[in-house]
Amino acid sequence: MIKVANLSKRIGDVQALNDLSFEALDGQITGLLGPNGAGKTTCLRTVFGLLKPDNGTAEIDGIDVAKFPVEAKQQLGLFPDPFGLYERLTPREYVSYFAELNGLPRAQAKAAAASVLNKLHMDDIADRKCKGFSQGQRMKTALAQAIVHEPTNIILDEPTRGLDVMSTRVLRDLLKDLKAAGHCVLFSSHVMQEVAALCDRVIVMAQGKVVAIGSPEQLCQQTGKASLEDAFIELIGTDEGIAA
Amino acid sequence: MINTIIAMVRKELIDAARDKRSVMAGLYYAIGAPLMMCGMFMLLIGQITSPEALNITITHGERAPDLVKFLASDDISQGDKADRKEIELIISQDYASNMAKSRAAELTLIADNSNEKLQSSIRRIEKSLQQYSAEMGSLRLIARGIDPKVVQPIKVTIEDQATSDSKGGMILGIAIFMMVYAVFISGMNLAIDTSAGERERNSLALLLSHPVSTRDIVLAKVTAVTIFAMLGLILTLIISKIAYGFVPWQELGFSVNITPDFIGLMLVIGLPIALMAASLQLFVSFMAKSFKEAQSYLTIVLIVPMMLSMAASYNIAPDTLQWLPVSGQMQALIAFIKGKEIPQMQLLLSSATTLAITLALMFGMERSLKSEKIVFGL
C-alpha cells in the first residue's frame, strides 16, 4: 500500500506538488493521470525518497520513506522513466544485480532473474548486452528489474511511452497478473486508453493537486461525460497537454 | 549491507572492464608512460655523460707530437672525421720553438661555449691541457734543480660525498612521480563514467531508488575506482621494471632499480593515494553536470598532485610540504631508492592526511548524493 498525505514540494519557482493526498491499495491498479507538468513524476520521485517534500509524508506499507528510506524502499519496485539501463550489461546481469541490491543473496538473485526473464519471454535476449536494444526490449528489461525481487508495491512512471502494440500488451498482461497476485500497482500516465483499460482507481492530477479520485466509470458519471477523455478534460478544465 | 557493496563493486568492475574507454585510458598510461620515460632517460644520459673517446679537430698536430700523444693517452684524438665534435685545437707555428726556449707556447681552442652539449667536452680538453702544462712546468723546474712543490703552495683534496645513488635527484623524482601518477590516471575514466556518466544515462536515480544507503554506494564506487587505479599502478610497475632495465644507468653512477621490495613499498604507499585519487575524482565528477564537464574539471584538478610531487623532487618548497599528501610519500619513495632511511614519521603523517582527505571527500559525496541538485543535475 502506498499512502501519500499532504505532500507539498516547490522546485524553483514552480509549486510542483500542492497538498497532495491519495492512497494506492494492494490488489488494485491505481493510475496517476494528469497533463504534462502536473507533477506526476515529482510525486513518484518523492515516494521513492529521491526528492524531499517541503511538507507532508509518503508511506509505503506504513513505513515513512523520509525516516526509514532503506526499509521503505525494500517494499518497492520501480519502473523508471527514462529506464536507466546499463548498456554494457546483459539483461540477466542487470536484473540479478538489482535483485542483489534488494537484499537477495547472489544465488537466489540469479535464480530470481532467470525466472522473471523467462516469465517476460526474454530468454533469447537475456545474454546480449543492452546496447542496441529496441524500445520494447528495453522496456522489458526495466520491467524485469522492477519486479525481480517481488515487491509488494510497484511504481511505473509513464510505462507505455514509446511502446508498440505488442510491448504494450505484454506490459498490460503483466500488470494484471501482478494485481491478481495482490500487489499494489501505481502508474503514472497521460494516455487515456491505458488508464481506462487497466485502472481500478484513477487519481486525476493537475498543477500538483488531486482533482478527482474514482474508478473510470465513476469519473465519467461524476462529470456526466461518456468517455474518460472528456471527463478528464472536464475535470482539469483545459485540454492542454493531453496525448490522445 | 556488505553483500550489496560487494554486488555493486562487482557490477562496477564488470561494467568498466567492458568499457573500452576506461580500460584503454589505464592501459595507454601504464604501457606508454614507462616506455616514454625510458626513452627520455636514454637521451638525457647520452647528453650529460661524455662518451669515452673524444674526437676533435687538431690542426697542425705535427708541430706538437708529444702533446698529441699526451692527449691521445687521455682518449682525446682526431679519430674518424664523421665522429668529430665541433671543437678545434690549433697549434701555433712557433709552438715547438717557444716550448724549447721555455716560453709560453700558444694553443688555440675554438668551440662554441654556449653549446650545452659541448660543455663537458670542452672542460675535459681544458683539464687535459692544464695537466700537460703542469707536467711540462714541473719538468722544467726539476731540470733547474727546484722542487716542483714550491710552486704548489696549496693542495686541495676534494672528497665527493655523493653516494652513487644520491645523484640524479631530478631523474629519480620524475621516474617515481610517473609511477605515482598512474594511480590518478588509471581510474580517472571509470570515476567519471560511474558518476557523471551514470547520471547522464539516468541510472543514478534508479540506483538511488533501491534500498541501498548512499554511504554504501559511495563506498562501492570508491572501492571500484581504487581497484582500477591499483591495477594501473601494478601494470605501470611491471612495465617500468622491464623498460628501465634497458636504460644505461651505470653511466650516471646510480640506478633506478625496481626491486620486489620497492614494488611492495610502492603498493603499500600507493593505496592511500589511490583511495584519495578515487574519491577526489568521484567527488569532482558528481559536481559536474555532464561527462564532458567532469573531464575538463578533472584535467585541472590533476595538476594539484603534479605540483605537489614537483615540490617534492626539486626541493623548492618549505619543509611543511613534506607532510602533505603525495609529496610526503614521494619523498619517502625517493629516499628508499637512494638507499637512505625512510622518514617514517613524515610518511605516516602524509599518509594520514591523505586518508583524512579521502574520508572528508567520501563524506561530502555521501551528503551530495542526498541532494536533489546533484542527483538530477539541476
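In chain B, the centres of domain 1 and domain 2 are 54 Å apart, taken over C-alpha atoms. Domain 1 covers 2-47 + 166-376, and domain 2 covers 50-151; these bounds come from an automatic or database domain assignment.

Some ground rules. This is a predicted model, where local features need pLDDT of at least 70, side-chain atom pairs count only at pLDDT 80 or more, and totals for chains, interfaces and linings use all residues. Residues are numbered from 1 along each chain as its sequence is written, chains are lettered from A and ligands numbered from 1 in the order in which they are written, and side-chain values use heavy atoms, with hydrogens and water left out.

I will stay with chain B and its record. UniProt, in an unreviewed entry, places the feature "transmembrane region" at residues 27-45, 170-192, 218-242, 262-284, 296-317 and 345-364 of chain B. UniProt positions are given in the numbering used here, feature names are shortened, and annotations may be inferred rather than shown by experiment. Take residues 262-284 of chain B: the span is 100% helix and 0% strand, and its end C-alpha atoms lie 32 Å apart. Residues 345-364 of chain B are also 100% helix and 0% strand, with 28 Å between the end C-alpha atoms. Helices (H or I, at least four residues) and strands (E, at least two) are DSSP runs, numbered from the N terminus.

Next, aromatic rings. Rings of Phe, Tyr and Trp (its six-membered ring) pair if their centres lie within 6.5 Å; planes under 30 degrees apart count as stacked, over 60 as edge-to-face and the rest as tilted. How many aromatic pairs does this rule give over all chains? The count is 12. One of them is B:Tyr29 with B:Tyr181, which is edge-to-face because the planes are at 65 degrees, with the centres 6.4 Å apart. B:Tyr29 sits in helix 2 (residues 20-48) of chain B and B:Tyr181 in helix 6 (residues 169-186) of chain B, so this pair links parts of the chain 152 residues apart. B:Tyr29 and B:Tyr181 are both buried, where buried means under 20% relative accessible area, exposed over 50%, and partly exposed in between (1.4 Å probe, protein chains only).

A tilted pair is formed by B:Phe70 and B:Tyr132, at 5.1 Å centre to centre and 50 degrees between the planes. B:Phe70 is in helix 3 (residues 65-73) of chain B and B:Tyr132 in helix 5 (residues 116-143) of chain B, so the pair ties together parts 62 residues apart in sequence. B:Phe70 counts as buried because its relative accessibility is 15%, and B:Tyr132 because its value is 7%.

Now chain A. Strand 9 (residues 201-206) of chain A has 5 of its 6 residues buried. Which strand pairs with strand 9 of chain A in the parallel sense? Strand 3 (residues 29-33) of chain A does, over 4 bridges; two strands pair if DSSP finds at least two bridges between them. A:Thr30 stands opposite A:Arg201 of strand 9. Strand 10 (residues 209-214) of chain A pairs with strand 9 in the antiparallel sense, over 5 bridges, and A:Gly214 in strand 10 is the bridge partner of A:Val202. Strands 9 and 10 of chain A form a hairpin with 2 residues between them, and A:Gln207 in the turn has a positive phi of about 50 degrees.
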